[in-house]
Amino acid sequence: MTTAQEERTTEDLKQLAEQAGRDFEDASALEILQWAAKTFGKRFCVTSSMEDAVVAHLAARAMPGVDVVFLDTGYHFEETIGTRDAVEAVMDVNLITLTPVQSVAEQDAEYGPKLHDRNPDLCCALRKVQPLEQGLKDYQAWATGLRRDESPTRANTPVVGWDEKRQKVKISPIARWTQDDVDAYVTEHGVLTNPLLMDGYASVGCAPCTRRVLEGEDARAGRWAGRSKTECGLHG
């Protein structure tokens, strides 16, 4: 027996995404995720960098047992891995950890050590983009924690849009939120957050490519500091 999700074509999904983007622009994050859960069922997942567990928490309210996908690049801070483990232990989610094809040592052997310093785009492609492509292949829709206020490159993020590269519906339920909104939700619901956020880091990525932000800098300024690079390739 086939389901409605299985019968949808790529064009169906694209039209669905574009219509939902218009319909849900003013909806709450929970309403957006409830729609996603109803529309896509088990073919919907949440991706989390474990900077915080806000979207995972919201998604678990909309769909208990929801798949939460985490990319373990091999370069994460210990605090990030600890946050992942805590989320898995205390939240009603199915935590899925994706890993690159090569270990860090294997990548070093093929490309030389510290590829992240010499060619960060290639490093991100190997350790983030490729594993995610594989990990998302059975889903029709995925949710992210992107927010419009994080950086100029994210200012036009739709709450529901079409991921042309992956041919999937991409949901950003907190796109319209501010940092104050995030902080308020964390406080109200006791949501887990990465301890590094209390130590000067405004955005948490791989340890070699992340620094604390300075006063007045935007939240993404601590990522690939000193380079023109602003995104890892997962979102553009």
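Two strands count as paired if DSSP finds at least two bridges between them. Keep that in mind as you look around this predicted model.

**Stop 1: a pair of strands.** Select strand E4 (residues 141–143) and strand E6 (residues 168–171), which pair in the parallel sense over 3 bridges. Now click on Ala141: its bridge partner in E6 is Val169.

**Stop 2: the whole sheet.** Zoom out to see an open sheet of 6 strands, in the order E3-E2-E1-E4-E6-E5 and with mixed pairing. At the edges stand strand E3 (93–98) and strand E5 (160–163); each has a single partner strand, so one side of each is left without a neighbour in the sheet. On average, neighbouring strands here are turned by 30° against each other, direction ignored.

**Stop 3: two helices crossing.** Keep helix H3 (residues 29–40) and select helix H4 (residues 54–62): their axes come within 8 Å and cross at roughly 55°. H3 and H4 are therefore oblique to each other, and the crossing is right-handed. Show the side chains in the contact, including Leu30 and Leu33 of H3 and Val55 and Leu58 of H4. The residues of this contact divide into 8 nonpolar, 1 polar and 1 charged.

**Stop 4: an annotated span.** Finally, colour residues 49–211, where an unreviewed UniProt entry places the feature "domain: Phosphoadenosine phosphosulphate reductase". The end C-alpha atoms of this span lie 16 Å apart, and the span is 37% helix and 14% strand.

Technical notes:
Residues are numbered from 1 along each chain as its sequence is written. This is a predicted model: local features need pLDDT of at least 70, side-chain atom pairs count only at pLDDT 80 or more; totals for chains, interfaces and linings use all residues. Side-chain values use heavy atoms; hydrogens and water are left out. UniProt positions are given in the numbering used here, feature names are shortened, and annotations may be inferred rather than shown by experiment. Helices (H or I, at least four residues) and strands (E, at least two) are DSSP runs, numbered from the N terminus. Axes are lines fitted to C-alpha atoms, for helices over the stretch in contact, and angles run from 0 to 180 degrees between N-to-C directions. Angles under 35 degrees count as roughly parallel, over 145 as roughly antiparallel, 65 to 115 as roughly perpendicular and the rest as oblique. A crossing is left-handed if the near helix is turned anticlockwise from the far one by less than a right angle, and right-handed if clockwise. Contact means heavy atoms within 4.5 Å. Ala, Val, Leu, Ile, Met, Phe, Trp, Tyr, Cys and Pro count as nonpolar, Asp, Glu, Lys and Arg as charged, and the others, Gly among them, as polar.
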